[in-house]
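User: Got a model open here. Can you walk me through the cavities and one of the helix contacts?

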Amino acid sequence: MSAPAAAAASAVLDFDDILAEIGEFGRFQRRNYLLICLPVLFAAANSLSYVFTAGSPTYRCYVPECDKVEDADYGADWVSIAVPGSWSKRGQFTPSTCERYVANGSHFASASEPWSSWPLDQCSAANFTAETERCHQFVYGSSERTIVQQWGMHCQENLWKLAFVGTVHFAGLVVGTALSGYLADRYGRKYIFLFCIVFMALTGVAQALSWDYISFLVFALLNAVGTSGVYPLAFIIGVEMVGPRKREMSSIVLNYFYAVGEALLGLSVFLPDWRQLQLALSLPPLICVAYFWLVPESVRWLLARNRREQAGVIIRRAAKVNRRDISVELMASFKQQELEAETGNEADIEGGVDVQKDDKIWQAIKEVAGSPILMGRYAILLLIWAVNAIVYYGLSLNATSLSGNKYLNFALVCLVEIPGYSLAWLFLRRFGRRMALSGSLLLCSITCVASGFVTLAQGDWIPCHTGVESRHSWSCANWLVVTLFLVGKLGITSSFAVIYTFTAEMMPTVIRSGGVGVMSTFARFGAMLAPFVPLLASYYDPLPLLLFGSLSLVAGLFSLLLPETFNRKLPDTVEEAIALGK
């Protein structure tokens, strides 16, 4: 083949041009896209299941002098007399978890049956002293059953064990995200995607069958390793199977599935036992074993690996399902370049150069490291990813003003992400990637700072019911704080959605999955800092929100230095990635 002919064949093999011929998002892509979205539901639920399986239920001391043996009432009227606790501004009493007042000896001695419950009219302050004592029996506020009851991890001294489950979970996410990205670039998107799904399911079942706290931690770590690979690889497969005009749609809709998957945990109110909940989240993904025959490998990955004949089989099938005609010249070019690639590899081996599967990956990494332009861009991306994680998880942890049913609140906080993803979709299509990212971060910055100042001014706020002073006069300011918080959550959710698409479009194909994995891994380290940020409120009440706003502002300004990738061809090589900004 002559040089011009080879160049022409190479141009034909540009996958974006192929998609224009067979359809950017036809029936073939829609079916496979739905298939890769379904396991994301369960990955999202598994990623937060520890919130309920290792959560601390509502409980207080069992008071045998007043509680009924068969039907003890957590919120009985006399509880504040027998158990120490705290009163809220709204007059609601929250009892201590592991302490109770010591019974008055004289009253106790006068009881005809000392170990039977006293009549309710005798459960008065006179029956108890001001001294407290520890208890070992408890009354629960609901039917929820977690590992707290399973292995007796009550009281303050065991809270670190529950928190450590979250630490172990994040450690698994860090390991799994980096590992799955590298393996997917080397061995293919499809096989590592399927492995992560099955591994997530099996370790989730094992977690439900844990026999003690240590075994629960081990399986929680392994479950997080598997879970962490499902969403990023589904995202990569989705982006790589569609044309330039459909990329933002593929990433945003995938996030809808993730948000719904998180919100499904709110249904755990119907599965109060932690073992049943974990099994319900882990068994259904095993059906995805059938994806081995249903979901094809990424054509872009096959082309990057010079497996053009395999890519040609998938393209022919896609054209047939999409009812589109494909030129004979295009299919012939696959076979021709496959032969040329084999000949080139043989020549390399004869010349003493052993071309391995991962040579292209390491070569691309070296080229990226040697490019000041790409290193500068990727450093900015690392900063933005870390800020996204800190602010996103920090806002979630800081949402203490949302009171009521915790299952409903959890579902609503997750579902509010859907408008955030919709906002990202709108921004991506109207303003491009760079302005969508910067605008989302600046929106979060403005609302967080405003919420901080409103928090500071709550003491002087005008009452909701003018003309009537009451102890609830701060509620208008409180609702404004909640509203600003939700808008801030929308902004950072939108930013998270945009950064995935933006990052993938700036990475060359050969390291795209690994590159997104590195960014996501770095974000996990940022997420580990998020639980400590609310502690800053002890020094200055609005400081956490002001910090979130400041970080978002810095990240939003730095994002303006990145190149626009909207409607640009996905870079296959490092040279094409560098050329994005020119």
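Predicted model: local features only at pLDDT ≥ 70, side-chain atom pairs only at ≥ 80, totals over all residues.

User: How many cavities of 30 Å³ or more does a search of the whole structure find?

Analyst: The search turns up 3.

User: And how much space lies in the largest cavity?

Analyst: About 170 Å³.

User: What lines the largest cavity, and which residues lie nearest its centre?

Analyst: The lining has 17 residues. Nearest the centre are Phe15, Phe28, Met241, Val299 and Ile314.

User: Which helices each supply at least two residues of that lining?

Analyst: Four names to look up: α2 (15-22), α3 (27-48), α10 (213-240) and α15 (308-321).

User: How does the lining split by class?

Analyst: It has 12 nonpolar, 3 polar and 2 charged residues.

User: Switching topic. How do the axes of α3 and α12 cross?

Analyst: Helix α12 covers residues 274-282. Its axis and that of α3 come within 9 Å and cross at roughly 150°. Angles over 145 degrees count as roughly antiparallel, so α3 and α12 are roughly antiparallel to each other.

User: Left-handed or right-handed crossing?

Analyst: Left-handed, as α3 passes α12.

User: Which residues meet there?

Analyst: From α3, Phe42, Ala45 and Asn46. They meet Gln278, Ala280, Leu281 and Ser282 in α12.

User: How do the residues of that contact divide by class?

Analyst: The contact of α3 with α12 has 4 nonpolar, 3 polar and no charged residues. The lining of the largest cavity, by contrast, includes 2 charged residues.

Note on methods
Residues numbered from 1 in each chain as written. Heavy atoms only, no water. 1 Å grid on protein atoms, 1.4 Å probe; cavity = no way out; pocket = protein on both sides within 12 Å on 5 of 7 lines; lining within 4 Å. Points joined across faces, edges and corners; volume = space filled by probe spheres on them. Nonpolar A, V, L, I, M, F, W, Y, C, P; charged D, E, K, R; others polar. Axes fitted to C-alpha atoms, helices over the stretch in contact; angles between N-to-C directions. Parallel < 35°, antiparallel > 145°, perpendicular 65-115°, else oblique. Left-handed = near helix turned anticlockwise from the far one by under 90°. Contact = heavy atoms within 4.5 Å.
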